[in-house]
Amino acid sequence: LRLAGLRGKVVGLEMWTFDCINCQHVMPYLKNWYGKYKDQGLVLIGNHFPEFSVESDFNNLKAAVTQDGIEYPVAQDNDGATWNAYHNMYWPALYLIDKRGQIRYEHFGEGAYDEIETNIKALLAESYP
């Protein structure tokens, strides 16, 4: 997936790692929003940036995605290219990107679930050329 190819969609980019307890707490909300809004134009992408060496193993990541029932795409970012491109410093972190490709909302850590969903709905409601 490339952001340029997702113009016209609202993209949620989640920075996470599977051993992070805070990431695990956020996951049910992400899965709910994905199920609720994917047919309305929400694309959710999990960007997995490992903290520990066990998390950098692809088979461990694949097992975690399966075990957690994650249905949205997950990118393995072992070299931190995406993590660094966003100057990210936290797990979890959520970036909402509008239909034109601009970051319009950021949230770090747990909580603010109603606020996040309000922003998702507002971005989905915006017109695109």
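Biologist: Where does asparagine 88 lie, in a helix, a strand or a loop?

Modeller: Asparagine 88 lies in the loop between helix H3 (81-85) and strand E4 (93-97), where helices (H or I, at least four residues) and strands (E, at least two) are DSSP runs numbered from the N terminus. This is a predicted model, in which local features need pLDDT of at least 70 and side-chain atom pairs count only at pLDDT 80 or more, while totals for chains, interfaces and linings use all residues. Residues are numbered from 1 along each chain as its sequence is written, and side-chain values use heavy atoms, with hydrogens and water left out.

Biologist: Is asparagine 88 buried or exposed?

Modeller: Buried means under 20% relative accessible area, exposed over 50%, and partly exposed in between, with a 1.4 Å probe and protein chains only. Asparagine 88, at 5% relative accessibility, counts as buried.

Biologist: Which side chain does the side chain of asparagine 88 join in a polar contact?

Modeller: A polar contact is a pair of N or O atoms within 3.5 Å; within protein, one must be able to donate a hydrogen and the other to accept it, and residues adjacent in sequence count only if both atoms are side-chain atoms. Here the side chains of asparagine 88 and tyrosine 95 are joined at 2.7 Å, and the side chain of asparagine 88 also reaches the backbone oxygen of tyrosine 90 at 2.8 Å.

Biologist: What can be said of histidine 48, and where is its place?

Modeller: Histidine 48 is in strand E2 (residues 42-48), and it is buried, with a relative accessible area of 0%. Its side chain has a polar contact of 3.3 Å with the side chain of threonine 17.

Biologist: Which residues of H1 are buried?

Modeller: In H1, the buried residues are Cys23, Val26, Met27, Leu30, Trp33, Tyr34 and Tyr37. What covers them includes strand E1 (10-16), E2, helix H2 (58-68), E4 and helix H4 (113-125), and this covering is a matter of contact, meaning heavy atoms within 4.5 Å.

Biologist: Where does H1 bend?

Modeller: The bend at a residue is the angle between axes fitted to the seven residues ending there and the seven starting there. H1 bends by about 35° at methionine 27, and proline 28 follows within four residues.
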